[in-house]
Amino acid sequence: MAGSITMVYVFLAILGLKMFINFLARAKARTPYPPGPKPKPLVGNMFDFPVAKPALRYVDWGKKYNSSILYAEALGNRVLIVNNRNDAVEIFEKRAKIYSDRPVIPMLKLMGWQHNFGFFKYGEEWRQHRRISQQNFNLKASQKYYPIQVKKVHQLLRALHDTPEDFDNHNKMFSISLTMEMMYGLEIKSIEDPCIVIANEAMKLGTSLLVPGGSLINTFPFLQHVPAWFPGAASRKQADIVRCLTKQVMRIPMDRVKTAFEEGRAVPSLFTDFFEKKLTFGASKEEEQAIQNIAYTVNGAASDTTISATGSFFYFMAVNPDVQKKAQVEIDRVTGSTRLPTLNDRTSMPYVEAIYRELMRLRPPLPLGAPHRLIEDDYFKGYLIPKGTAVFANIWAMTHDEVVYPDAFSFNPDRFFDEDGVLNGDDRVLAYGFGRRVCVGQHIASSTMWLTIASVIACFDITKAKDKNGNDIDINGDILDLGLFKWAPYCFSHSNVYSLDFCFHT
């Protein structure tokens, strides 16, 4: 064991020397890097990177260094933050060929998360997954999921009507059961279902290993070879637990689908449609693995972001009753107060559309997005961006740009109308990302959120809850940082802050 400890120290010493030499070489670089905090010898900007709510802190960096692009590095890891939308379009879309890769994160494989194709390297395997996703989730193909979306939204409405005080659980149940049925054709009856419990535990433990400072393995990749029993290898042990949980997360739904086929009760979904094709015509192992990866990826990512967005929607309705009333008038005009809204009503309800746009602008579920990686040296605005740099689109900064969105921190759907009262052309939801890494399920996500917004507003008056004296209970609208680039409304984690009065006229 003493020899193993010595080996680790030798590795660290060599790495430290290499970083110091690299630091001196970069200091003499002919072309400057973009503005950012001045790096210190050896550690670089290790202690400058924000741990909590990084998207907001990078906005402060932009003001401090008077730049819309910001650069920092630590222990050999280079990071570029893009705070401006026009810069993001230039970098991620016009230069997509060299900005569409993903950084290598050693902890992903240790946890079994390498099946999430959102983290795949830019190459042929990723292209295969992307093609299959486009075929199944493009605007036209996504319409096959409408019946499931409608069913789940109506189940949410009934649950909110029966026990509004259980809003948190209803929201989680809605978001998770929706993606499970779309991807696997499985009806989830309770949030206590093993599929959900195991997935939540894997996500909680795994996320903690990916946030800044969560594990030294991501900074010093050679540490992944240190065995889990080695003293101090706590994150390695935790990764082993996550890997076991992740195997179950992927196995249980597929086993249930196969059982459903054997019993003749399988229903259409991404995976069941493929499984039927496999039984009828055959399929390659590569195609089957790709379908499994896509179902697993979409199920996890879509449920998380839907939970966050729905929580934000309820908060903004409770604190903006005038917006809610205006939307109800529009919905009643279209439906005649005799039916629930449908997705066919979307073009007839521009104000509800504006609420959706404003919701996704003001509280994007993924404020910093997932990192891209530059595959070769590039020059932008006169600065050198080195090969291997992780590049983040600070979506929060872009959607809160006061130049583009005056009074950016106010919830104001009217900002999406022109002088003639017609929806303007600002219809791109930046929360779905940029370039070739844009969210593959954006059409399904958009229609799900719109239908949820329209249906809930049609059925309920969302207000603040009352205390025993009949006074409004203030809602804490602060942002709850969930790590790994995600957050949700603070109030979403606290029950009994809303009052829902059924108001749909039949």
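Which residues does Met317 touch, not counting residues up to four places away in sequence? In this predicted model, the list is Val323, Gln324, Ile355, Phe411, Ile457 and Ile462, with contact taken as heavy atoms within 4.5 Å. Local features need pLDDT of at least 70, side-chain atom pairs count only at pLDDT 80 or more, and totals for chains, interfaces and linings use all residues. Numbering starts from 1 along each chain as its sequence is written, and side-chain values use heavy atoms, leaving out hydrogens and water.

Met317 also belongs to the largest nonpolar core, of 102 residues, where Phe137, Met183, Tyr184, Phe313, Met317, Ile355 and Ile453 touch the most other members. Such a core is a set of buried (under 20% relative accessible area, 1.4 Å probe, protein chains only) Ala, Val, Leu, Ile, Met, Phe, Trp, Tyr and Cys residues joined through side-chain atoms within 4.5 Å. Helix α12 (residues 285–319) supplies the largest share of this core, 14 residues. Another core, of 20 residues, lies apart from it and includes Ile69 and Phe380.

Turning to helix packing, the axes of α14 (residues 350–362) and α16 (residues 442–459) come within 10 Å and cross at roughly 120 degrees; axes are lines fitted to C-alpha atoms over the stretch in contact, with angles from 0 to 180 degrees between N-to-C directions. Val352, Glu353, Ile355, Tyr356 and Leu359 of α14 meet Ser446, Met449, Trp450, Ile453, Ala454 and Ile457 of α16.

Helices α8 (residues 167–184) and α11 (residues 270–281), by comparison, pack at about 15 degrees with axes 3 Å apart, and are therefore roughly parallel (angles under 35 degrees). Here Met182, Met183 and Tyr184 of α8 contact Leu270, Phe271 and Thr272 of α11.

Technical notes:
Helices (H or I, at least four residues) and strands (E, at least two) are DSSP runs, numbered from the N terminus. Angles under 35 degrees count as roughly parallel, over 145 as roughly antiparallel, 65 to 115 as roughly perpendicular and the rest as oblique. Buried means under 20% relative accessible area, exposed over 50%, partly exposed in between (1.4 Å probe, protein chains only).
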